[in-house]
Amino acid sequence: MYLLTAEEMRAIDRVAIEEIGIPGVVLMEHAALSVLAEIEKSFGDVKGKRFAAFCGRGNNGGDGLALSRLLIQKGAECYVFLSGTMEEIGGDAGTNLGVLRGVGGYIAEVTQKESIKFIEKQVKESEVIIDAILGTGIKGDVRGINRDLIEFINTVGKPVVSVDIPSGLDSDTGRPMGIAVKSDITVTFGYPKVGEVIYPGAEYAGRLVVADIGYPARIVEEINPAGRLATREELPFIRDRERDTHKGNYGHVLVIGGSKDFVGAPAISSLAALKSGAGLVTMAVPSCVAGMVSGRILEVIPLSLGDEDGYLGKVALDEVLTMIDRFDVVAVGPGLGMGEPVKAFMDGLIKNCPLPMVIDADGLNNIEPTALIKSKAPVVVTPHPGEMARLTGRKTEDVNSDRINITREFTRRYKATCVLKGARTVIAVENRYYIIPTGNPGMATAGSGDVLTGVIAGFIGQGFSPTDAAILGAYVHGLAGDMLAKKRGEYGITATDIASYIPVAINELKKRM
Ligand SMILES: NC(=O)C1=CN([C@@H]2O[C@H](COP(=O)(O)OP(=O)(O)OC[C@H]3O[C@@H](n4cnc5c(N)ncnc54)[C@H](OP(=O)(O)O)[C@@H]3O)[C@@H](O)[C@H]2O)[C@@H](O)CC1
Ligand SMILES: Nc1ncnc2c1ncn2[C@@H]1O[C@H](COP(=O)(O)OP(=O)(O)O)[C@@H](O)[C@H]1O
Ligand SMILES: [K+]
C-alpha cells in the first residue's frame, strides 16, 4: 500500500482538484462520510449520542464541520468547538460552516485558553471526541489555542477519533510538533501517511483506518511515492508446493556463525531457515564449538570449520569457498564474535562468495559498509539500530530518529537491500522502501534477530529474490511473533518459540493470498 508524505498528499489533492476537476468540497464530503461510517462501525448507531467536535480553521477543520452536520442529520447531538472565529474560516471549510449553521448546529468559538473551562462540561458529557483541529497542513510547532485544545483533549479521557491524522503529528516523521492528540482511531484519507505508521506516530494514531475518498488511482501512480506499507495482499506470493518435488527444490542454506563467545545464535538461524521451508540447512561453526552445537537440531547438517583462537578466520574462509557451490544462499554473522580473524573472514567472504548473502549481527560488526560494494552477488543486511549506528558512524538515538532516510541512504550507497530492524522494521530496496507493520515488543528477546536472518535466507533458497525474501521474511517473522503474542501474551516469548511459529505464520498468510 502506498505510504505518503504531506507533500505527496498535497500534490494528489492539487491534481484531483485543479487538473481533474473534482471539487474540493466533494472530497471533503467523502472524507466526512468515511469518518461517520467508521464511527458507526466502532460506536454503533449515532442517534441520541453526544459528540464533541474540535475543528480547526483549515480544511481539516472543514472535514470536521461536514462530519458534525452529518452526525446531526443522523440524530446525534454534536457540540462543535471552533479553534478561532467563524470569520476566519473560508474556502471549502467555510462552505461547510455555512451548511452546518443552516442545519442549526451548535457552534462555539474558542479563541483563548481561559474559555476552555466553559466548554469542559459539554466535552465531558460527550461520548466521543472528534479531532479535526490540524491535518497535513501543519507548519512548525503547534501554537496558540490549537495547542491548548490538544492539551485539553488529551486530558478528557474520552475516546478520540482523529480526522485524517492526529492533530499536531508530523505526517512525515511521526513526531509530535510539540504536542499531538492521542487518538483511539484515526481515519486517514486516501492513503496512510508515513508518520502514522512509524513510531511514535503509530502510537498517537491508535487504530488506523484508511478511507477511500475518491482520489483517482492514476494520480498516485504517476506520483509514484517511494514509501510502501507492506500488506498481506501485496506480499510476494507464496505458492503451494508442487507435488512432484524433493528437498533439492527448496534450497540449501549455509548458515555461518558461532564462536567461543556465542554458540546458540547460528543454531537459531539454522532452525529458522528450516522452519521457513528450506530443503537443506548446513550450519558451519568454528571447530572449538562444533561439539556443543552440532546435534542440537537433528535436521541440520553440521560443518566444523578451522578456528583461530575460537573464531572463524582465514582457514575457515578457504574451506567455505572450496565447497561453496554445494549451497544456494549464505546467512552469515550470528554469534561470530569480534576480532581480526573474523574481519579477515568476512572481508574474504564478501569479496569472493558467488551466492546471495544475508549478513547480520557480528557479520556486520566486523566490516566497513564500503566492503559491500565489492560483493559478487546480491546482499541483504539486517542491522538492528545499534549495528546500523556503528556501520554509519552515528549514535543509536540518531539512527532511530531518522530510520527511513538512514536505511534508504545505506541501500543507495552500498547497493545492498537494507533491513533496519526494530518496532516497524524499514526495508530499503533500490528507490523504494517498505514499512513492516507486524511484530511486537514480545519479540525484543535474545536471538529473535537470528530467526529473521534464517527466514530471509530460507526464502531466498526457495527462489524468492533477495528483496522479496527480505520483505516477506520480515513480515512473516513479525506475524509469527504476533500470533504467539495473541495466544500467550508478550511476556516470555523466546527466539525458538518464534521460529516454531514461522510455519504457522506462513500458513496463515497463504490462506489470505
Ligand atoms: N481540499 C483539500 O485539499 C482536501 C483536504 N482535506 C483535509 O484537509 C487537510 C489539510 O488541510 P489544510 O491544507 O487546509 O491544512 P490543515 O491541516 O487544516 O491546517 C491548516 C490550519 O492549521 C493552522 N496551523 C498550521 N500549522 C499550525 C501550527 N503549527 N500551530 C497552530 N495552528 C497551525 C493554520 O492556521 P494559520 O496558519 O492559518 O494561522 C490553518 O488554520 C487534510 O489533512 C484533510 O483533512 C480533505 O478534506 C480532502 C480534500
Ligand atoms: N517492539 C518491537 N516491535 C516489533 N518488532 C520488534 C520489537 N522489538 C524487537 N523486534 C524485532 O525482533 C528482532 C530483534 O532482533 P535483534 O535486535 O537483532 O535481536 P538479537 O540480536 O537478539 O537477535 C527484530 O526483527 C526486531 O524487528
Ligand atoms: K486531525
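Trainee: Which element gives the largest share of the shell around ligand 1?
Mentor: The model is predicted, and local features need pLDDT of at least 70, side-chain atom pairs count only at pLDDT 80 or more, and totals for chains, interfaces and linings use all residues. The shell has 31 residues, a residue being near a molecule or strand if its C-beta atom, placed from the backbone, lies within 6 Å of it. Two or more residues each come from helix 1 (6-19), helix 2 (24-43), helix 3 (59-73) and helix 6 (144-156), where helices (H or I, at least four residues) and strands (E, at least two) are DSSP runs numbered from the N terminus. The largest share, five residues, belongs to helix 3.

Trainee: How many residues of the shell around ligand 1 are charged?
Mentor: Residues are numbered from 1 along each chain as its sequence is written, while chains are lettered from A and ligands numbered from 1 in the order in which they are written. The closest to ligand 1 are Arg-57, Gly-58, Asn-59, Gly-135 and Gly-137. Ala, Val, Leu, Ile, Met, Phe, Trp, Tyr, Cys and Pro count as nonpolar, Asp, Glu, Lys and Arg as charged, and the others, Gly among them, as polar. By this scheme the shell has ten nonpolar and 13 polar residues, and the number of charged ones is eight.

Trainee: Which strands stand at the edges of the seven-strand sheet?
Mentor: The sheet is open, with parallel pairing and the order 4-3-2-5-6-7-8; two strands pair if DSSP finds at least two bridges between them.

Trainee: Which residue of strand 5 is the bridge partner of Phe-54?
Mentor: Strand 2 (residues 50-55) runs parallel to strand 5 (residues 128-132), and five bridges join them. In strand 5, the partner of Phe-54 is Asp-131.

Trainee: At what angle does helix 3 run to strand 2?
Mentor: Axes are lines fitted to C-alpha atoms, for helices over the stretch in contact, and angles run from 0 to 180 degrees between N-to-C directions. Helix 3 lies across strand 2, strand 3 (77-82), strand 5 and strand 6 (160-163). Its angle to strand 2 is about 160°.

Trainee: Which helix gives the most to the shell around ligand 2?
Mentor: Of the 19 residues around ligand 2, His-384, Lys-421, Gly-439, Ala-444 and Gly-449 come nearest. Two or more residues come from each of helix 18 and helix 19 (466-488). With four residues, the top contributor is helix 18.

Trainee: Is Gly-449 buried or exposed?
Mentor: Gly-449 is found in helix 18 (residues 448-461), and a UniProt record (unreviewed entry) includes it in the feature "binding site"; such annotations may be inferred rather than shown by experiment. A residue is buried if 20 or more other C-beta atoms lie within 10 Å of its own, exposed if 12 or fewer, and partly exposed in between, with C-beta atoms placed from the backbone. Because Gly-449 has 26 C-beta neighbours inside 10 Å, it counts as buried.

Trainee: How many other C-beta atoms lie within 10 Å of Arg-424?
Mentor: Arg-424 lies in the loop between strand 18 (417-420) and strand 19 (426-429). Leaving aside neighbours within four places in sequence, its contacts include Val-197, Tyr-199 and Ile-435, a contact being two C-beta atoms, placed from the backbone, within 7 Å. Arg-424 is buried, and the count is 21.

Trainee: Is Arg-394 buried or partly exposed?
Mentor: Arg-394 sits in the loop between helix 15 (385-392) and helix 16 (396-401). Leaving aside neighbours within four places in sequence, Arg-394 is in contact with Ala-389 and Val-399. With 16 other C-beta atoms within 10 Å, Arg-394 is partly exposed.

Trainee: Which strands are the edge strands of the eleven-strand sheet?
Mentor: This open sheet has mixed pairing and the order 1-9-20-19-18-17-16-15-10-11-12. The edge strands, each pairing on one side only, are strand 1 (2-3) and strand 12 (301-305).

Trainee: What share of the residues in the protein chain is buried?
Mentor: The chain has 20 helices and 20 strands. Of its 513 residues, the buried share is 52%.
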